[in-house]
Amino acid sequence: MDLACHQCQPTKHGPDHLNFSDKVMMLPSNLYSTYRQYKHDTDVVASWLAQTGKTLGCTAELIASNSASPANASLKSARLKGKARKAAKSHAAAEAHWQAKGLSERQKYVLALKNFVPLAEFIGTKLSEARVVEIPAVVPAAIERAITVRKGFARLLQEHGRVLKLESNEKHSYFVSVLEKVRHILEPLFKDSWVKRALPKLPKTTATANPFDLLEFYDAPGFDLAGDSTGTSKETAKGKGKVDEGVIVDYEAEDSASSLVAFATLFRDVRALRMQVKSLWAAYAKGELSLPSVAVATNTAINIARFMEEDAADSIRLNRDKKTPKEWALFYCQMAASNQGIDVMEPTPGCDINLSAFPMLDESLTISFILLDAWISQARASSEVVTYNGKFGWYDLTIDYDSAPTDVKWQQDKAAFLEVAPQFDLMGRFNTTPPDALPDGLYSDMPVEDELLRGLRLLLTRKEKVLPFWLAFATTIHLDVRRVLGRQSEKPFWAMMRYNMAIDDSITQNLEYYENLTIKGWEQMHGDRQLLKLQSEARWFTENPLYKVIQSTGLLTSRDNKEHTFLKMHPLFCGLWIHYIRTTYHLLATQFERCWGGILYTGHLYNALCNENLINNAARWDDMDLFYRLQGGKDKFFVGAAPTERDNYHKQLCMMMGFSATSFIASTRNKTRKLVPTKAGPRSLVAQGRVSSMFHNQYRPSMEGIKLSVDDVQAILNKKSPNSQKTPQATPSQLIHQLALDIEAEIPETSVDYLAMHRQCWDFLRSLEGAVDPYFRRVAGPGWIEREHQLPFVVGYIFSTVLDPAGGESKMTEFLVLASKVYNEVVAPYRKDVTYFLETIQDYDKMLSHPEDRYLGPMLNELSLGEPEEEEWVDSEFEEMMEYDREMDAMCREFDWILDEEPEDRTGADFRPNDSPLDLRLREGFGPGESFRDPYAEPGEPVTISVEAMQRWVRVSRALERNPLAVSQKDAEWFRLVLRSPEFQNTRQRADRERHA
């Protein structure tokens with residue numbers, strides 16, 4: 001693969017295909033880019049001139065305009081054909097769609113540039129005669145900013161334009177001269193006007209070769225993009241006596257933005273996005289943020305860059321500019337390098353680029369353009385997947401990129417992209433292959449496709465001639481992520497695989513637990529089928545049928561033919577995958593709870609037990625307290641404030657079941673207090689993670705990218721400072737940062753295992769139903785609970801006893817005491833399981849090391865995975881604990897021969913009456929007299945595992961390390977059960993305490 005021929009050569013194609021989608025994408029109105037801010041200034045001037053001139057009675061010719069934007073006007077200038085005609089139709093349809101969602105801007109009229117000066121002269125004369133000055137402060141500020149920025153770009157063109165063959169400087173100079181004339185005419189009014197005191201002080205600029213310096217005006221605090229309601233300071237309002245009505249921006253200046261300005265504004269925002277994304281991945285590497293939150297923010301940043309490019313492309317098309325995004329990037333690089341006396345076009349001897357200009361090439365995204373050009377030209381020329389032959393070396397995780405020499409950095413970047421490019425191509429082919437054409441064992445409709453993967457797929461399939469700027473940005477982000485993570489680049493893959501295993505295991509347990517149970521609502525939505533689909537998706541990369549096809553067909557070379565190469569080299573995809581699996585599981589689990597109601601009803605009963613002081617603080621149900629908090633507190637979990645009186649237990653439960661509160665008020669209409677249903681129906685637990693759910697199911701190949709609405713942006717920003725009175729605004733980089741924080745804050749809400757909690761509650765209700773069955777069978781008949789899905793009604797029966805006029809209070813007390821005993825037997829031993837699972841899942845996301853990591857990794861080898869051999873994965877504390885346990889085991893064997901007595905029969909040690917029942921699968925493999933639980937534990941102490949169980953656990957773990965394929969599936973499954981068992985956790989905690997002591 002030759003990179004030299006693709007280094008910095010201009011292309012002959014114009015920017016006719018800057019966007020892969022036929023639909024016109026646009027940013028929401030409350031998400032503003034620098035280009036929009038710049039264009040807003042010229043639009044404010046045009047709008048104020050037109051509106052004021054019309055108010056003062058100017059002639060119609062001065063404000064005559066087409067009621068279409070320049071983009072639409074250019075489309076109407078001639079009959080369109082082919083793709084252009086199709087794009088125009090799509091634009092009209094998209095405009096109607098986005099207007100319905102509140103995304104489209106107000107229709108604007110175009111004010112001819114030649115009318116600016118006559119209008120200013122007319123307005124100046126009229127206002128001077130009337131001696132009434134009503135000029136909003138935004139007008140002089142906008143004129144000053146526009147003139148200063150335009151002058152700076154005109155100076156750049158004068159210095160660099162001829163050498164770089166850029167557009168003529170005449171257009172810039174003419175526009176500047178028009179604005180200066182307008183300012184000169186209106187300046188006496190500005191001096192006499194009260195708004196002069198409100199005019200912001202703009203920074204002075206000197207001759208510069210950096211276009212970003214010219215755009216620093218738009219960083220001024222208080223800049224309001226909306227313009228429809230220009231704000232005023234308190235001092236201004238006091239001097240004026242009233243708040244000015246502002247300028248309604250319904251006009252725009254004719255040909256107000258040049259290609260250079262449009263590109264510079266785009267480049268500025270993309271650079272800010274890149275810096276923000278890099279800081280997010282650095283926070284992830286430090287364990288401060290989780291993988292999914294950073295991945296979702298990164299993918300959204302790439303999507304926003306695509307929208308911003310569409311905005312800027314309109315101006316480039318208007319100016320009939322034929323330069324490609326790659327050539328604009330090269331222009332910036334040449335401009336920055338020329339200030340340091342570097343010729344970008346002169347390669348370093350023995351290298352395909354000028355290494356002295358590498359920082360500029362990297363900052364301008366030219367590095368990514370070179371890599372994309374080199375790869376895409378060869379990939380399109382072949383019908384097969386083009387593999388990388390190692391011509392430029394291989395990517396080395398151990399190299400510290402920041403401190404490496406420039407030539408090593410360039411080599412690392414080439415290897416980092418070219419090694420994974422065949423995997424991108426392969427995944428793209430898989431996503432576009434019809435289902436009936438796939439080999440056995442493969443199915444299409446992959447649920448996740450990140451923006452980089454999508455862009456490369458479309459680049460290959462649609463044969464686009466021009467590389468879009470946003471795709472180079474996506475490629476640069478991929479390289480940045482690999483640079484930031486360094487040695488940790490593969491850890492996102494392991495986090496993803498662990499998460500898949502956890503979800504797979506929970507779904508398996510749930511399907512087995514409810515194998516013979518059905519309920520109408522869950523059946524109607526095909527709930528089990530949806531769980532099975534999610535489980536198959538979670539198992540997809542574990543079973544990895546695509547890799548098996550690659551192995552059998554020899555599709556990739558031996559170096560590329562490594563399992564999970566794509567995942568290990570693409571952390572962004574791993575993070576999006578975790579987000580998809582987690583959010584889908586959360587939404588399905590909450591729907592499951594909505595149908596069955598086990599958690600909600602049990603939560604009412606647990607609240608009653610706590611209020612009656614029947615559960616001591618040491619035995620509190622941490623998991624249920626967690627669910628109270630996740631729903632927004634007890635007041636949100638219940639209908640209003642949580643009940644504290646016995647009469648209200650039953651009343652609150654009935655209102656939760658969908659009955660009106662008026663049912664409990666004696667009146668002429670309801671003398672018998674018959675329960676009256678409400679129109680809203682029964683209440684249920686609410687799905688959490690509003691921001692996370694916005695991006696659920698948005699990453700499928702069939703989607704066209706994330707479409708953010710005004711409401712979506714407001715929901716993201718309002719997480720930080722809720723304010724329903726005002727729609728917040730933000731720059732793209734600010735939005736991305738806040739989005740990552742929002743997703744991070746919602747991780748506990750979306751990661752908690754509702755299905756596991758429901759199984760706990762169902763065990764409780766089952767045991768409780770058996771305990772109270774004799775009484776209610778006698779009172780309500782044998783059919784008081786006809787089917788098991790009615791178990792939640794047991795809580796209602798218990799609460800209803802308070803209504804019995806003959807000793808209702810005492811009966812309720814009796815049943816609540818009985819329920820507390822059942823709780824202590826069934827729930828108390830496992831009251832923290834869901835909370836522990838949540839903490840574990842959160843740590844997986846943040847790559848924190850766990851004591852069992854050393855053994856989970858080798859266990860994954862059984863599923864054709866390989867544990868990375870890195871020191872970070874060795875947990876020294878756990879090694880010490882295991883060594884301590886081995887010493888204790890040897891000591892026990894040494895004392896066995898001293899006890900001159902027959903070994904006692906301990907077959908029943910696992911079933912002591914004071915302990916919770918043991919999972920029978922944990923007893924498999926033990927002989928007579930052997931036990932999984934420690935039979936010598938003192939009463940009241942936490943239950944730990946026995947010496948025999950620890951010996952077997954160590955044997956299996958070592959076998960998994962040596963040869964995973966030699967370990968039976970039965971032993972591997974037993975090993976996983978042990979890791980989750982409370983006995984094992986208690987053993988770890990005891991060993992830790994003894995070691996510290």
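In this predicted model, helix α23 (residues 598–611) and helix α31 (residues 793–800) have axes that come within 8 Å and cross at roughly 35°. The crossing of these two helices is left-handed. On the α23 side the contact involves Y601, H604, L605 and A608, and on the α31 side F793, V795 and F799. Sorted by class, the residues of this contact are six nonpolar, one polar and no charged.

Helix α23 also meets helix α32 (residues 808–826), and here the axes come within 10 Å and cross at roughly 105°. Because angles of 65 to 115 degrees count as roughly perpendicular, α23 is described as roughly perpendicular to α32. From α23, the residues L605, Y606, A608 and L609 touch L816, A819, S820 and Y823 of α32. This contact has seven nonpolar, one polar and no charged residues.

The two axis pairs are listed below.

| Helix pair | Axes come within | Crossing angle |
|---|---|---|
| α23 and α31 | 8 Å | roughly 35° |
| α23 and α32 | 10 Å | roughly 105° |

Helix α13 (residues 366–381) has 16 residues, which at 1.5 Å a residue should span 22 Å; the end C-alpha atoms are 23 Å apart, in agreement with that value. Twelve of the 16 residues of α13 are buried, so the helix is largely enclosed by the rest of the structure. The buried set runs from T366 through I367, S368, F369, I370, L371, L372, D373, A374 and W375 to I376, and also includes A379. These buried residues of α13 pack against α11 (325–338), α12 (358–363), α14 (406–432), α15 (451–461) and α16 (469–485).

Technical notes: Residues numbered from 1 in each chain as written. Predicted model: local features only at pLDDT ≥ 70, side-chain atom pairs only at ≥ 80, totals over all residues. Heavy atoms only, no water. Axes fitted to C-alpha atoms, helices over the stretch in contact; angles between N-to-C directions. Helix = DSSP H or I, 4+ residues; strand = E, 2+ residues; numbered from the N terminus. Left-handed = near helix turned anticlockwise from the far one by under 90°. Contact = heavy atoms within 4.5 Å. Nonpolar A, V, L, I, M, F, W, Y, C, P; charged D, E, K, R; others polar. Expected span 1.5 Å × (residues − 1). Buried < 20%, exposed > 50% of the residue type's maximum accessible area, 1.4 Å probe, protein only. Parallel < 35°, antiparallel > 145°, perpendicular 65-115°, else oblique.
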